[in-house]
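Subject: Structure for you to look at

Hi,

Here is the structure I promised to send over.

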Amino acid sequence: MNASQTPVPQSPAGGGMFGTGDPQAMAAQALMESCPAKVVMSGALGFAMGGAFGMFMSSVDWGMNTEEFQKLSTREQLKATARDMGTRSLSSAKNFGKVGAIFAGTECLIETYRAKNDIWNGVSAGCLTGGALAAQAGPQAVVVGCVGFAAFSAAIDYYMKSD
């Protein structure tokens, strides 16, 4: 058999993420592609990533290294450090989870409304997310948040979709 006669592999019946016509697999795929599932998954993953980020950032912060802190016993220093790491981890986890959930939900709704999957969904969702997160700081902050998140979303989408 020469190269022109090589059989082309066929995709399994049903296609999709799981590549099967199995009703349970199709139901799982439909669930994974739904907006509420995307919001929950993004929020949970953002929460986990934020927690790890907060713990790391807390461990490299020298702000606690004061004279008062150094006068504490080793046990008290460890307790204070652990308490600070926990507080910062939780704070970062909540913030990352909120950003992930808002962005994923907004992007999913925009994509559903437009019935297109292109870079403008992420840019629009980034703008709305950045603006919403900065809303309490005033109109200038809303504009800066919108532009900043939109640019970041465009850069990430461009990088992820480029060959």
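Before the surface numbers, a word on method: accessible areas come from Shrake-Rupley with a 1.4 Å probe, and for residues only the protein chains shown count as cover. On that basis the chain exposes about 11600 Å², with carbon and sulfur atoms supplying 66% of it.

Some housekeeping. This is a predicted model, so local features need pLDDT of at least 70 and side-chain atom pairs count only at pLDDT 80 or more, while totals for chains, interfaces and linings use all residues. Residues are numbered from 1 along each chain as its sequence is written, and side-chain values use heavy atoms, with hydrogens and water left out.

The overall fold

You'll find six helices and zero strands in the chain, which reads α-α-α-α-α-α along the sequence. Helices here are DSSP runs of H or I with at least four residues, strands are runs of E with at least two, and both are numbered from the N terminus. Of the 163 residues, 24% count as buried; that label means under 20% relative accessible area, with exposed being over 50% and partly exposed in between (1.4 Å probe, protein chains only). Looking at contacts (heavy atoms within 4.5 Å) between residues at least 6 apart in sequence, 52% join residues at least 24 apart.

The pockets

A note on terms here. Working on a 1 Å grid over the protein atoms alone, a pocket is an open set of points where a 1.4 Å probe fits, with protein on both sides within 12 Å along at least five of seven lines, and lining residues have an atom within 4 Å of a point. Points are joined across faces, edges and corners, and the volume is the space filled by probe spheres set on them. For residue classes, Ala, Val, Leu, Ile, Met, Phe, Trp, Tyr, Cys and Pro are nonpolar, Asp, Glu, Lys and Arg are charged, and the others, Gly among them, are polar.

The largest pocket holds about 540 Å³ of space. Its lining has 16 residues, of which Val99, Gly100, Phe103, Phe152 and Ile156 are the closest to the centre. Helix H2 (35–59), H4 and helix H6 (139–161) each supply at least two residues of that lining. By class, the lining of the largest pocket has ten nonpolar, four polar and two charged residues.

The second largest pocket has a volume of about 290 Å³. Its lining includes Lys38, Met41, Phe103, Glu107, Asp157 and Lys161. H2, H4 and H6 are the elements that give two or more residues to this lining, and H4 gives the most, with five. The class count for the second largest pocket is five nonpolar, two polar and five charged.

Gly54 is found in helix H2 and is buried, at a relative accessible area of 2%. Setting aside neighbours within four places in sequence, Gly54 is in contact with Arg88, Ser89 and Ser92. With the sequence neighbours excluded in the same way, Ser92 is in contact with Gly50, Phe53 and Gly54.

Further along H4

Thr106 also lies in helix H4, which covers residues 74–114. What does the side chain of Thr106 reach? It reaches the backbone oxygen of Ile102, at 2.7 Å. Thr106 is buried, with a relative accessible area of 16%. Leaving out residues within four places in sequence, Thr106 is in contact with Ala125, Leu128 and Thr129.

Ala115 sits in the loop between H4 and helix H5 (119–133). Phi of Ala115 is near 60°, a positive value in a residue other than glycine. Most residues other than glycine have a negative phi. At 67% relative accessibility, Ala115 counts as exposed.

Gly145 is in helix H6 and is buried, with a relative accessible area of 13%. Not counting residues up to four places away in sequence, Gly145 touches Gly126, Gly130 and Gly131. The C-alpha atoms of Gly145 and Ala135, ten residues apart along the chain, are separated by 8.7 Å.

Cheers

Notes
Polar contact = N/O pair within 3.5 Å; in protein donor to acceptor, adjacent residues only side chain to side chain.
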